[in-house]
Amino acid sequence: MIRAFMKPMWTAWLDRCERTEDARPLAWLRIALPLCVVADLLRAVQLGLVDVVFVPYSLGGLSRFQDPHLLIVEWFGASAGGIALVVTVICMLFVSMGVWMKPAILLGVLAYAQLGHLYPPGDRTIDRILRTALLFLLFSGADHHTTLRRAKQTLIAAWPADLLRFFLVLVYLSAGVAKLLEQPGWLSMTAEPPLVRILTDPMSSRLDPVAWADNSAWFRWGGFFAIGIELSSPLLLTRYAHLWAIGGLFMHLGITLTMSLGMFGWGMLAFYPWLLAPFILSRVKNDGNPTTG
């Protein structure tokens, strides 16, 4: 009886894990995510922050909150941050080009995480999201298409993309639930919309609080839209994922245009060519790649 019950479930699980999909969308993601990291770190270099934020506190760095036993610091001392940054940038470029992707992801994510340990206040949510997403790509065939090294492969296993979608559901859903638990005003028609404070904060926003003082309705409906997108993110696990992604795309475009949050906006937007792949693939020249296996 137990065998008769388990066999269909096991068969369905195997069928799902053996699914294949077009290699191009994950290749786009493999290209975009590392470039966001590279651009962000090069911006830190341009601003002259490397010798300030990525240095142990005992050697003149800013943050007291560091692991006192960082291996990279024990090896390289005050040069540890600069070395980790260079290694991260080189590895991310290799990943983006599809060259030695797996070792480049492993070494690059490790060096990238070391930068976060050297300056924990600067290790933002987006840094952790991108590191985790890169680790998911480690198990995919994202380096089998649009690459400088490998011969082109049209189909790859679909389960890494499924796992990555589930990860994004956790990211968006937790953000939406946290908003509702911490600030019930997100769903209120009478309280001041939380977006007023967020989008007119002089530390992170580009909007003038005086000029936008009489536009609370825009903030209220914008808040409803953001909460709706985040709480409906389980649609990413369905056939309607690309339709949900249209709303997510507009939400992140709005964040990027109205706020100064460093890499966050661009880092999240980097996921959307992959999420919107059904629309894009239907409009690009087909080079023999089926969209699904």
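Because the model is predicted, local features are reported only at pLDDT of at least 70 and side-chain atom pairs only at pLDDT 80 or more, while totals for chains, interfaces and linings use all residues. Residues are numbered from 1 along each chain as its sequence is written, and side-chain values use heavy atoms, with hydrogens and water left out.

Helices and strands are taken as DSSP runs (H or I of at least four residues for helices, E of at least two for strands) and are numbered from the N terminus. The expected span of a helix is 1.5 Å times one less than its number of residues. For helix α2 (residues 24-46), with its 23 residues, this gives 33 Å, and the end C-alpha atoms are 33 Å apart, which agrees. Just after α2, G48 takes a positive phi of about 70°. Helix α2 also contains C36, which counts as buried at 12% relative accessibility; here buried means under 20% relative accessible area, exposed over 50%, and partly exposed in between, with a 1.4 Å probe and protein chains only. The C-alpha atoms of C36 and D127 are separated by 10.0 Å, although the two residues are 91 residues apart along the chain. Helix α8 has 24 residues and should span 34 Å, in agreement with the 34 Å between its end C-alpha atoms. The buried residues of α8 include L164, F167, L168, V169 and V171.

The structure holds eight salt bridges, each defined as a side-chain nitrogen of Lys or Arg within 4 Å of a carboxyl oxygen of Asp or Glu. One of them joins D162 and R19 at 2.7 Å, N to O, and links distant parts of the chain, with D162 in helix α8 and R19 in the loop between α1 (2-17) and β1 (20-22), 143 residues apart. D162 is buried, at 15% relative accessibility, whereas R19 is partly exposed, at 30%. Together with R165, these two residues, R19 and D162, are linked in a network of salt bridges. A further salt bridge connects R24 and D22 at 2.8 Å, N to O, and both R24 and D22 are buried. In the salt bridge between R124 and D40, the closest N and O atoms are 2.7 Å apart. R124 lies in the loop between α6 (101-118) and α7 (125-137) and D40 in helix α2, so the pair ties together parts that are 84 residues apart in sequence.

Aromatic rings of Phe, Tyr and Trp (its six-membered ring) are paired if their centres lie within 6.5 Å, and planes under 30 degrees apart count as stacked, over 60 as edge-to-face and the rest as tilted. By this rule there are five aromatic pairs. The rings of F94 and W100 are edge-to-face, because their centres are 5.4 Å apart and their planes stand at 75°. F94 is partly exposed at 27%, and W100 is partly exposed at 47%. The rings of Y172 and W244 are likewise edge-to-face, with centres 5.1 Å apart and planes at 70°. Y172 lies in helix α8 (residues 159-182) and W244 in helix α11, so this pair ties together parts that are 72 residues apart in sequence. Both Y172 and W244 are buried.
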